[in-house]
Amino acid sequence: MLDALDECPLTQELVDYLCSMIVSKKHFWEIHFEHLRPLLLNPTAVQFDLKSFYEERFKRSRRLCMRMYFMRGYAMYASEQETAVMCEKFERSLKNGHDYIDYTDIMSEYGMQYLVREYGYRCFQQAWQTAQEEYMKIHPYLRGHVTTNARLRYVKLLSDAESMRRHHLFLQYLQSRKKQ
């Protein structure tokens with residue numbers, strides 16, 4: 001049913017429900033993201049003032065990919081100058097080394113690349129460059145398994161067998177380093 005909210009006109013009641021699910025402490029970040037998706041994709045969402053909501057969620061989010069999505073929502077309402085402040089914090093976070101899984105979203109065509117394309121802000125271009133540099137620091141066996149599409153859904157880039165093979169090779173790599 002959440003998929004239907006990507007395109008049907010949103011109401012204040014629906015927006016309030018989605019926001020309450022996003023902030024809920026009962027759920028994992030993936031559940032929060034499923035409720036965030038309609039707010040990012042639905043063209044009618046912009047008529048609801050969610051600027052402070054996105055800003056607050058950005059500050060509270062621990063997952064780097066979620067911070068990027070909250071920044072994406074914030075950019076719909078904020079000026080380039082306001083967005084640059086948030087983006088600088090995001091860029092600093094990129095340099096702190098995060099879970100390689102976050103980069104599935106960040107490196108996708110609809111992650112940082114979307115922000116660069118959609119807004120063209122200098123801060124997004126800098127953050128994209130930093131993301132690329134940090135992504136290259138991730139071991140090659142952990143990169144390129146999945147990406148996200150325009151609907152912010154995960155798409156496999158590798159077969160399950162190849163993905164498992166790469167994970168196995170990475171574990172072997174870790175064990176060999178441990179022995180040294």
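## A network of salt bridges

Asp3, Asp6, Glu34, Arg37, Arg151 and Arg153 are linked in a network of salt bridges. A salt bridge here is a side-chain nitrogen of Lys or Arg within 4 Å of a carboxyl oxygen of Asp or Glu. The model is predicted: local features need pLDDT of at least 70, side-chain atom pairs count only at pLDDT 80 or more, and totals for chains, interfaces and linings use all residues. Residues are numbered from 1 along each chain as its sequence is written, and side-chain values use heavy atoms, leaving out hydrogens and water.

Helices (H or I, at least four residues) are DSSP runs, numbered from the N terminus. An α-helix has 3.6 residues a turn, so residues three or four places apart point the same way. Arg37 is buried at 0% relative accessibility. Glu34 is partly exposed at 23%. Buried means under 20% relative accessible area, exposed over 50%, and partly exposed in between (1.4 Å probe, protein chains only).

## Other salt bridges

The count comes to 14 salt bridges. Glu82 and Lys51 meet in one of them, at 2.6 Å from N to O. Glu82 lies in helix H5 and Lys51 in helix H3, so the pair ties together parts that are 31 residues apart in sequence. Both are partly exposed: Glu82 at 32%, Lys51 at 21%.

Lys137 pairs with Glu134, their closest N and O atoms being 3.0 Å apart. Lys137 is exposed at 62%, whereas Glu134 is buried at 10%.

## The two sides of helix H3

Helix H3 spans residues 51–60, and its buried residues are Phe53, Tyr54, Arg57 and Phe58. Seen down the axis, these residues fall within an arc of 130°, so they line one face of the helix. The arc is that of the directions from the helix axis to the C-beta atoms.

What covers them? The cover includes helices H1 (12–23), H2 (29–41), H4 (64–75) and H5 (80–94). Contact means heavy atoms within 4.5 Å. The face turned away from the buried side carries exposed Ser52, Lys59 and Arg60.

## Cysteines without disulfides

The whole structure holds zero disulfides (pairs of cysteine sulfur atoms within 2.5 Å). For Cys19, the nearest cysteine sulfur is that of Cys8, 15 Å away. For Cys123, the nearest is that of Cys87, 3.9 Å away. Cys123 is buried, with a relative accessible area of 8%. Cys19 is buried too, at 11%.
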